[in-house]
Amino acid sequence: MKIYSLFSLLILGCFSANAQEMSATEIIRKADELLQGNSNYAEISMKIHRPKWDRSLTMKSWSKGNDFSLIYIISPAKEKGQVFLKRNNEMWNWLPSIDRTIKIPPSMMMQSWMGSDMTNDDLVNESSVIKDYDHKIVGEEILEGLECYIIELIPHEDAPVVWGKIYSWVSKTKYFALKNEYYDEDDFLVNIETLSNIKNVGDRTIPTKFTIVPVDKEDHYTEMEFVNIKFNIDIEESFFSIQNMKKIR
Amino acid sequence: MRLFVIPVVLFFLMESTYSQSDSSKWEFSGYLSNMQSVMVLDEEQNWISDNLFHNRMNLSWFPYENFTGVLQFRNRFMYGQSIQLFDGYAESIDREQSLLDLSVNILEGNSYFINTAIDRAYFQYNLKDFVFTLGRQRINWGQTFVWNPNDIFNVQNFFDFDYPEKPGSDAVRIQYYTNYSSSLELAAKLDHEKKLTMAGYYRFNTLGYDFQVLAGLLAEEDYLAGLGWSGDIFGAGFRGEMSYFQPKRNFSDTSGVFYSSISLDYTFHNSLYIQTEGLYSLLPENFNLSGFMEYYQGPLTVKNLSFSKWSWFAQLSYPITPLLNLSFAGMYFPDLNGFYIGPTLSYSLKDNMELSIISQVFHGDFTQSNTSTDMYFCFLRYKFSF
């Protein structure tokens, strides 16, 4: 798997608040809260670009904390109506065309979609940038006219993480990252992620477009965009049920 | 059929015309495919060649919250040598297994037919923890992937890859969700001989596993009981199903049929997927399918899942490139010295267009069969989903 998790990147994507007074870890915890909310609803479109082809995926997503998630696939047509439900460590897939609920074992979560950098796991299971990494402020730089801290993230030895380290450029005033660099375990730069389309989405301002470019592959990128996102929606745990998985649209 | 279908279709079409202003009340999807097939059944290696246009239409209607109407049908236009060579081929396409005859051969000739068949036509109502479903629907209680002894409402046919939706049953079903993952169900259907199949079903989740138990009556002839599960061992999917069927007439003797299927699946980090499944069948001595062709065309009830004591299945699937997927499936029937091999190549041409080459090879001492012991099928399919 090349890119660990677009969704975990999302968490990285938004560091926040009063960085002078906060440790790097506190910044990340704050950022996590900013991007997750207690709960959220999002309409997401994803595009995979390769030199000779493009493929796209659109979906709706509901989540509450890190433990509850429901994803409805809107397109491509062949997959439309499929739903993924995650509750704690368990995951199910609903296939309406054959009236079948399939319990997804942990290994199947690693399957990628269309060779994208996104797996089933990424869809619903955010790895923890708080728990799985040590964080340190290592420098400052101006990006896009915004003053940024450069934060280094080093994973714990036993963490289930593919990266050797991550650098993140976090705006001092706007509280989100503008760039992330992902290094492998041999310290080679693998992916560069840029965050753009900064928008006020209601109760907060965040980047809504994430572009990941593999460094050693020309004309390859994966792009994810939040077409619509709402935070702290009123949603109960009981929403994340098999009954609702079959009903949602 | 026949006249019954038309009002149903018209009802949906008219409703859809009137309600176009509110598009969220309607959903429409489907696919159109063309498949060229070649079949070799005899020792002279004569090719039997056919071509099939297959169009599926799925229509859903959401007039109120918690209420859904579903209509799905498929249209098939086939021409070729099978229709000429095999007596009653077109009629067999039109054969219904369910109570209502919702299939019609609109046109039929020596070497072609056009068939339209409705395989889903139901209303569904969600009332708090209850779900009521009435009409032609698919009730799928399977947990494994190839042989499903628990899937008692359906006609199984693994080899019919061009029809993944499978036929529906004319049934009534009540589901009661006791919590987020547990449910209690009652379902009943009538088949084309007006014979009743009904069962109760309970599923629940514990220790990371989904479990299910069921009991009922199969086509008024057999009592049945079954259990099934889905979980994982070291990250690999671990699923199983068992069912026992005992004829009502001979309730105390040993004429019962027992099936048990167990499945393991694992996906590696490079997206290589492997799945293996075994089916154990304890069949009474006089229990026979009429031949392998019948097995190929699909058994008529879940009681005819197998014709040998052991059946083994394995499948590998691997994306050679993100757009090109190779899968290789095999079955082995030790009692018959028989095997099946099914390699498939699928290529994604565009977001909604796919090209596939599918082969099916059978070999074995399928004793009751009148056909040769080797059969080859090859299919080239272009599929557009919308």
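The structure is a predicted model. Within it, chain B is divided into domain 1, covering residues 1-122, and domain 2, covering residues 138-386. Contact between these two domains of chain B involves 23 residues of domain 1 and 27 residues of domain 2. On the domain 1 side, the elements that give two or more residues are strand E1 (26-40) and strand E5 (112-127) of chain B. E1(B) gives the most to that side, with twelve residues. Sorted by class, the side of domain 1 of chain B that touches domain 2 has nine nonpolar, nine polar and five charged residues.

**Contact between the chains**

Chain A places 30 residues in contact with 32 residues of chain B. Strand E2 (53-64), strand E6 (100-104) and helix H4 (242-247) of chain A each supply at least two residues of the chain A side. The class composition of the side of chain A that touches chain B is twelve nonpolar, nine polar and nine charged residues.

Four helices and 13 strands make up the helix and strand count of chain A. Of its 249 residues, 40% count as buried. Among contacts in chain A with a separation of 6 or more, 48% come from residues 24 or more positions apart.

In soluble globular proteins, nonpolar side chains tend to be buried together. The largest nonpolar core here has 48 residues, of which Leu70(A), Val83(A), Leu85(A) and Val170(A) touch the most other members. Helix H2 (residues 24-36) of chain A gives the most to this core, with six residues. Leaving aside neighbours within four places in sequence, Leu85(A) is in contact with Leu70(A), Met91(A), Trp92(A), Phe240(A), Ile242(A) and Met245(A). A second, separate core has 25 residues, including Val146(B), Tyr259(B), Val302(B) and Met331(B).

**Strand E13 of chain B and its partners**

Strand E13 (residues 257-267) of chain B is mostly covered, with eight of its eleven residues buried. Its pairings with strand E12 (residues 236-247) and strand E14 (residues 273-282) of chain B are listed in the table.

| Strand pair | Sense | Bridges |
|---|---|---|
| E12(B) and E13(B) | antiparallel | nine bridges |
| E13(B) and E14(B) | antiparallel | ten bridges |

In E13(B), Ser263(B) stands opposite Arg239(B). Tyr266(B) has Ile274(B), in E14(B), as its bridge partner. The hairpin of E13(B) and E14(B) has five residues between the strands, and Ser271(B) takes a positive phi near 75° there.

**Confidence in chain A**

The mean pLDDT of chain A is 82, and 84% of its residues reach 70 or more. Where in chain A is confidence lowest, and where is it highest? Helix H1 (residues 6-12) of chain A has the lowest confidence, at a mean of 38, whereas H4(A) has the highest, at 94. Over residues 1-20 of chain A, pLDDT stays under 50, although the model has 75 contacts beyond four places in sequence for these residues. Where pLDDT is low, the predicted coordinates should not be read in detail.

Terms used:
Residues are numbered from 1 along each chain as its sequence is written. Chains are lettered from A and ligands numbered from 1 in the order in which they are written. This is a predicted model: local features need pLDDT of at least 70, side-chain atom pairs count only at pLDDT 80 or more; totals for chains, interfaces and linings use all residues. Domain bounds come from an automatic or database domain assignment. Two residues are in contact if their C-beta atoms, placed from the backbone, lie within 7 Å. Ala, Val, Leu, Ile, Met, Phe, Trp, Tyr, Cys and Pro count as nonpolar, Asp, Glu, Lys and Arg as charged, and the others, Gly among them, as polar. A nonpolar core is a set of buried Ala, Val, Leu, Ile, Met, Phe, Trp, Tyr and Cys residues joined through C-beta atoms within 7 Å. A residue is buried if 20 or more other C-beta atoms lie within 10 Å of its own, exposed if 12 or fewer, and partly exposed in between; C-beta atoms are placed from the backbone. pLDDT is the predictor's confidence in each residue, from 0 to 100. Two strands pair if DSSP finds at least two bridges between them.
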